[in-house]
Amino acid sequence: MEFTRQEVLNLANLSRLSLTEEEIVRYQSEIPSILEYVGKLSEVDTSSVAPMTGGVSHAVELRDDEAVAQSEESRRAIINEFPESAGDLLKVKTILTNKKMDSRPRQARTGLRGNDGEVARNDESTQGNDGSV
Amino acid sequence: MKPNELTLKQASEALAAKKLTSVELTTACLNEIEARDAELGAFLSVDREGALKMAKESDARYAKVESLSPLDGIPLAIKDNILVRGQKATAGSKMLENYTATYDATVIERLKAAGAVLIGKTNCDEFAMGSSGENSAFQKTKNPYDTSRVPGGSSSGSAVAVSANMAFGSLGSDTGGSIRLPAAFTGVVGLKPTYGRVSRYGAIAMASSLDQIGPFGKSVWDVAAIMTAIEGYDEKDATSAKEISAVPPELLSANMKGKKIGVPKEYFIDGMDPLVERCVRESIDAMKEMGAEIVDISLPHAKYALETYYIVMPAEVSSNLSRYDGIRYGTRLDGGSLEESYKKTRGELFGAEPKRRSMIGSYVLSAGYYDAYYDKAQRVRTLLRRDFEEAFKLCDVIVSPVSPTVAFKVGEKMADPIAMYLSDIYTVSANMAGIPGLSLPCGFAHGMPVGLQLMGKWFDEASILNVGLAFESQRDWRVHSY
């Protein structure tokens, strides 16, 4: 089984990945061979089984969704990690242009139009509560 | 014997008896790194100054008889996908090559509170994806027993640091076998705790329903000592379990008598190296001689575990890796428009395995394929869990090989992803079901270490540690060669 070039490009698009020509060719055979391998599961009868959705059987507890004040040191450390900044502000790409304004979904709610980019306030935490950065 | 060749327990006792100082232990480890790490490639960064500062502070505590724990003054190494404030955390990826952690993971906060000396960050497969250590974007870690062979992955550097006496213990992470496999390949002890026992806050996520941080050590006691320091409820991890009974190493008992040890018939399959099989089977015979009762058990869905894993895990990977967009941290590459910048950043900075898994994940989660793949796998995952629930009605602990082979040659499996995935065939089930798994050395085959896996009931690390301690104290694995 082989994927068409377009099938690979569709998956790459869903994953927001640019691929080289060499990668496209490799994934055309590699991805279907992995899917064929995992497809063996179709032989298991699961008609009377509920899906297991997560790693724990105890109730997952969520904390209150509230802003917690950070120390200046912590704030500074986070700002230092910005790939591009203007002062303490995080610089991001233009997401709305006049031409494409109506055809594109809104992807971010923070952002002010600038000339060669947009400047957004860094008012969101950079860490989730799922043990990750 | 050089100080860095002691076990953690021996080093801890020497500190308490004032026969050695933490500065001496730390210097010995740093010297070993200096002497051998150019060849072995275990560390991505070494914090010489920071480690010596922590060692001096520890020595001051010992001088005042105020030591904090058995880990006080003990040099430990940390996998580079765990955040240590102010230090690089690359997760083995170009995406985070210049990222400095802005906070401590909970496990790091706890190790610091226990007085441990953090000596450096260790190499790993990119975002912990790999079974050999070869997927790191920066360097290949080599097996200390034979540098033409891989050390196993993904926590390659953490295993090698302990195996080569560059640290007394270390932390790794295990999503499908990433602690147990490199422990087995390099002749050290590694523990994948029950899901929910150790906080994942500050661990760079790969597959969030499977990931668990755990320790490596030179002995079962050493692993139990590190475990005691890091485990326990943490409000910053929503899946953290509240009520667990700690197992400090002094409460372990090396007694095999009357323990019911289950041997799953499905785990001795075609394709397993015959010498590895002999080594494992004779180890099971030895357990019987030590007084254990060996029970035949069945895990009927075990043959589907790897397939299930390679649907559930990439689905979670595709979601977790979506945060690497070059916007808030990490490296940003400009591709013109926002969308093209995402693609360029991710396309050029992710290596082959993260890309492959992201695309597989996107596929199994897409409309039209979701039911056939993702939903199906989640249901089989329930069956895998039930298999263990049934098996544990008949036994206290399940014993199996860690992997079908010993450490393979560098480069041998890089061209064939499925051959690489098969290294984890015996380890993924514990992650799918959420149970703990201990890997401990049980002998040599082809001149390379062989690992024995002990799996326990949910939150019953005590049983596998007790059986492991009994096995280790009554059978010297170094003299059994096949």
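How far apart should the ends of α12(B) be at 1.5 Å a residue, and what is the span between its end C-alpha atoms? The 21 residues should span 30 Å, and the end C-alpha atoms sit 29 Å apart, which agrees; the expected span here is 1.5 Å times one less than the number of residues. This is a predicted model, in which local features need pLDDT of at least 70 and side-chain atom pairs count only at pLDDT 80 or more, while totals for chains, interfaces and linings use all residues. Residues are numbered from 1 along each chain as its sequence is written, with chains lettered from A and ligands numbered from 1 in the order in which they are written.

- Helices here are DSSP runs (H or I, at least four residues), as are strands (E, at least two), numbered from the N terminus.
- α12(B) has a kink of about 25 degrees centred on Ala377(B), the bend being the angle between axes fitted to the seven residues ending at a residue and the seven starting there.
- Across the chains, 66 residues of chain B are in contact with 52 of chain A (C-beta atoms, placed from the backbone, within 7 Å).
- Elements giving two or more residues to that side of chain B include α9 (305–320), α11 (352–365) and α12 (371–391).
- α12(B) supplies the largest share, 12 residues.

**Gly361 in α11**
- Gly361(B) lies in helix α11 of chain B and counts as buried because it has 28 C-beta neighbours inside 10 Å.
- Buried means 20 or more other C-beta atoms within 10 Å, exposed means 12 or fewer, and partly exposed is in between; C-beta atoms are placed from the backbone.
- Beyond its neighbours within four places in sequence, Gly361(B) is in contact with Pro314(B), Ala315(B), Val317(B) and Ser318(B).
- Its C-alpha atom is 7.1 Å from that of Ile311(B), 50 residues apart along the chain.

**Strand β5**
- Strand β5 (residues 189–192) of chain B is covered on both faces: Val189(B) and Leu191(B) are buried on one side, Gly190(B) and Lys192(B) on the other.
- β5(B) runs antiparallel to β6 (residues 212–217) of chain B, joined by two bridges; strands pair if DSSP finds at least two bridges between them.
- β5(B) also pairs with β10 (residues 437–445) of chain B, antiparallel over three bridges.
- Gly190(B) stands opposite Phe216(B) in β6(B) and opposite Ser439(B) in β10(B).

Technical notes:
Two residues are in contact if their C-beta atoms, placed from the backbone, lie within 7 Å.
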